[in-house]
Amino acid sequence: MHAYCLFCETQRCRQIAEYIRKTCGYQCFSPQLVQRKWVKGVMTETSHDWLPGYLFLYTEEPTIRRFNIDGIIRILGKGELEGQDRQFAEMIYHREGVMGTIPLIQEGGRCRIKDPAWENLQGKVVKLDRERKRCCVSFEFDGQIHTVWAGYEIIRTE
């Protein structure tokens, strides 16, 4: 599998992903993140754009053609993703574009991520909102540090 990342106009991301899937037959995701939200005291989970403007494209062939699609701004990097960006793209691929809750291990007063994919990305828990069962996680993608709030589950206490 070969992984690429396209940077697109944010409001057109889903349309472009659908067009690429239908016309080229490639796997293409605009990553989604399931977040917990409390409405009138009831927890609900909703999906949101995780990295607005980014599309992840997966092909069997090692080369990618230049897309002449209105709304695509550029291809990230020199073409195929490498290193940590590649690991991030693989995590998205294996989860079919949707990131759910993050498994954590509690060690005293601190928590750490217990998910090989996040560990490979050097993901770190920055903040924990125990009342709402959400955590803020930092990770690196495209040479920048990103943070995201996601639901978590404590799977073990040490």
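1. Salt bridges to begin with: the term stands for a side-chain nitrogen of Lys or Arg within 4 Å of a carboxyl oxygen of Asp or Glu. Asp 129 and Arg 134 form one through their side chains, at 4.0 Å from N to O. Arg 134 is partly exposed, with 21% relative accessible area (buried is under 20%, exposed over 50%, partly exposed in between, using a 1.4 Å probe and protein chains only).

2. A word on what we're looking at. The model is predicted, so local features need pLDDT of at least 70 and side-chain atom pairs count only at pLDDT 80 or more, while totals for chains, interfaces and linings use all residues. Residues are numbered from 1 along each chain as its sequence is written, and side-chain values use heavy atoms, with hydrogens and water left out.

3. How many salt bridges does the whole structure have? A search finds 9. One of them joins the side chains of Asp 49 and Arg 14, at 3.0 Å from N to O. That pair links distant parts of the chain, 35 residues apart: Asp 49 sits in strand 4 (residues 42-49) and Arg 14 in helix 1 (residues 13-24). (Helices, H or I with at least four residues, and strands, E with at least two, are DSSP runs numbered from the N terminus.) Elsewhere, Glu 18, Arg 21 and Lys 22 are linked in a salt-bridge network.

4. Asp 49 has another partner worth a look. Its side chain makes a 2.7 Å polar contact with that of Gln 32 (a pair of N or O atoms within 3.5 Å, one able to donate a hydrogen and the other to accept it; residues adjacent in sequence count only if both atoms are side-chain atoms). Is Gln 32 buried or exposed? Gln 32 is buried, at 13% relative accessible area, whereas Asp 49 is partly exposed at 33%. Gln 32 lies in strand 3 (residues 32-39), and its side chain also reaches the backbone oxygen of Ser 30 at 3.3 Å. Setting aside neighbours within four places in sequence, the contacts of Gln 32 (heavy atoms within 4.5 Å) include Arg 14, Trp 50 and Met 99.

5. Last, Arg 86 and Glu 80. Their side chains meet in a salt bridge of 3.1 Å, N to O. Arg 86 counts as buried because its relative accessibility is 17%, while Glu 80 is partly exposed at 30%.
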